[in-house]
Amino acid sequence: MGRGSKVARIRKGAAKPAPQFLEDDPSTGYLPGRRWPIVRYGLATLLASALLVFAIEWIVRGDFFGTVDFFLQPFKPGWTTIIVFSLVLIGLDAILGRSHQSLMIVAPVTLALAFVGHQKSHYLGDPLYPTDFLYAHQIMALMPLLVRERPWTAVLLAAAIVASLALLAYGWRLWRRRVPILSRKGRLARLTLAVPLLAFFVSIMDYATFSWTRDRLQIIPIMWDQKENYASNGFALAFALNVPMAHVSAPPGYSEKTMDAIARPGVAASVPDQKPDIIVVMSESFWDPTELPGVSIKPDPIPTVRALRSGSMFSPEFGGMTANIEFEALTGFSNAFLPAGSIPYQQYVRTPTPSLATFLKSEGYRARAIHPGTNWFWNRGAVYADFGFSDFRSEETLPPMEKRGPLASDAAMTDEIMREAEASQEPVFLFAVSLQNHGPYEPYRYYNPTHSVDAPISTWARESLLSYAEGSADADRGLQRLIDWAKKRERPTIIAFFGDHLPPLGPVYVETGFLKDNVAPRKEPTPEAALEHHDTPLIIWSNRSGPVENLGSVSPAFLPYHILTTAGITHPYYTGFLGALREHYRVVDRNLLLSPSGEATPDWARQKKIDPKINDFRLIQYDMMFGKRRVAPDFFPETVVPLVAHMS
């Protein structure tokens, strides 16, 4: 063979194009030499979806055998979830252009969500909701505290995230090199299958609307009990069911005729000739730690509160969600009438909303809010403006505040409260939210503890409890200073002080036997257990008449009634309507109604017939927050002005 013919063959070979393994190319097939590519692709996608959904449930539940039981029960919607995931993977494959590449997006995202959901459930007792991402910024702001408590865990987690991202990037590049490109016909077929079925699935996931198909698939929205909702439907479907919670449906029968039929209170707005200053302090995680079984703390960390206690605040939350307690205490409305897991500050307060600040400002008060944290936390800056506060002093506008431990001290906040009140010629309404005793309560938070803890628990738990007790004692001393200051004032002064929720003490609760898990269940087995796990100390005190007594346990929504009554102030809603309601109920919670005599009505929201007084409460709240504000002239006359939406 001559040299010329050899060169010719080389040139001819160089000109030959590289093969493209297209699915519909009969000469190559999906994988060369393999038959039935469509069947293999479908089975592989189903298997990948099943493994992924199982892994998600295992991570969220933290229980392998519980996860197996979830899938072994034929009437559980786990199998529907697998089909939905398969459709998502098929549709994304069509968009990305290669088979199974969608797993590199769907798997990391959903597994990460499952991990976050497990952590939230572990520390706060609630599942992960879609609306949680509205306040991801503030979760990141708390990371320094979490890192300080468990530095090596944080380092390992950061290293795992970096390694995972690097591995994902490498796998993505390798997959695009090795896996054949889908043909146009193959991509179109996938989209034709996936898009209509996914669109139909989305259409049946609005929990407020009955769906025959959803019912046959045994997807039962249990929105009143989110733990059971996630346990029964699985993480992915329960998460999807919660997406519509951003929309609040009108209560049954809501109409102009219904609103006109609500009895109007025979109470007008009035204030005394000498208007009293009103100071409300919501103390972060304030509670009596001596209620823990087998625990002795010396000296008494909260002697002032113990001596002046008026009653208890029944918090609708446990260990967190401070903004939801604020919402009730400032508006006199209730979280019980909003979707479970929702956060009004984040989702619903977007226009001027009636509050104590709105009313008192209309009566000549200077309404101010103080919080030594950032103004964006819980969206407070925008919300306080919509509530009618004249001013909100936060970390950005307050003078540098002395710290006790890692956060601004209660002593510094108390100084600021007294300074603000003394500087005002007008009567003041001050709403202050403390920060010092925010969790987590890492051991040895304070270098100079003034208390000692004796308890048969681990060293870590005992030192963590000591950190909390020190913070509680500082809050108690702050209250004593406020009262000592107010006693010397000529102007009448009302002070309300309460804890927003029990602290997130986690293992301390388990080791002392106070709780079986790190957090209290959303749905308590008995009313007594609900009171034990949700009551925080409440003090309402006047420098003219001393502490209000024998209030019992009350929902935050009734706080405006008790404060204004103590101040000698009347209002159609806050003392008129709420005062009449208070004669029948002292706790209005999502899962519990409690009468002044202690008679409990659990699971009231699931009953066919609801007390008309509670229904009126719900209708008024809906009308003022989401409806036509038909009752505003009679119940909130101070709000009857042209409303301008707050742009946040």
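Colleague: How many bridges join β4 to β5, and do they run parallel or antiparallel?
Modeller: 3 bridges join β4 to β5, and the two strands run parallel. Two strands pair if DSSP finds at least two bridges between them. Strands (E, at least two residues) and helices (H or I, at least four) are DSSP runs, numbered from the N terminus. Ile-370 stands opposite Arg-393 in β5. From β4 the chain crosses through α18 to β5, a right-handed β-α-β crossover: with the strands pointing away from the viewer, the path from the first strand over the helix to the second runs clockwise.

Colleague: What is this model based on?
Modeller: This is a predicted model, where local features need pLDDT of at least 70, side-chain atom pairs count only at pLDDT 80 or more, and totals for chains, interfaces and linings use all residues. Residues are numbered from 1 along each chain as its sequence is written, and side-chain values use heavy atoms, leaving out hydrogens and water.

Colleague: Which strand do 5 bridges join to β4?
Modeller: That is β8, which runs parallel to β4. Val-428 in β8 is the bridge partner of Arg-366.

Colleague: Back to α18. Why is it called largely enclosed?
Modeller: Because 6 of its 8 residues (380–387) are buried, meaning under 20% relative accessible area with a 1.4 Å probe, protein chains only; over 50% is exposed and in between is partly exposed. Among the buried ones are Tyr-384 and Phe-387.

Colleague: What covers them?
Modeller: The cover includes α15, α16, α17, β4, β5 and β8.

Colleague: And what comes just after α18?
Modeller: Gly-388, with a positive phi of about 100 degrees.

Methods. Contact means heavy atoms within 4.5 Å.
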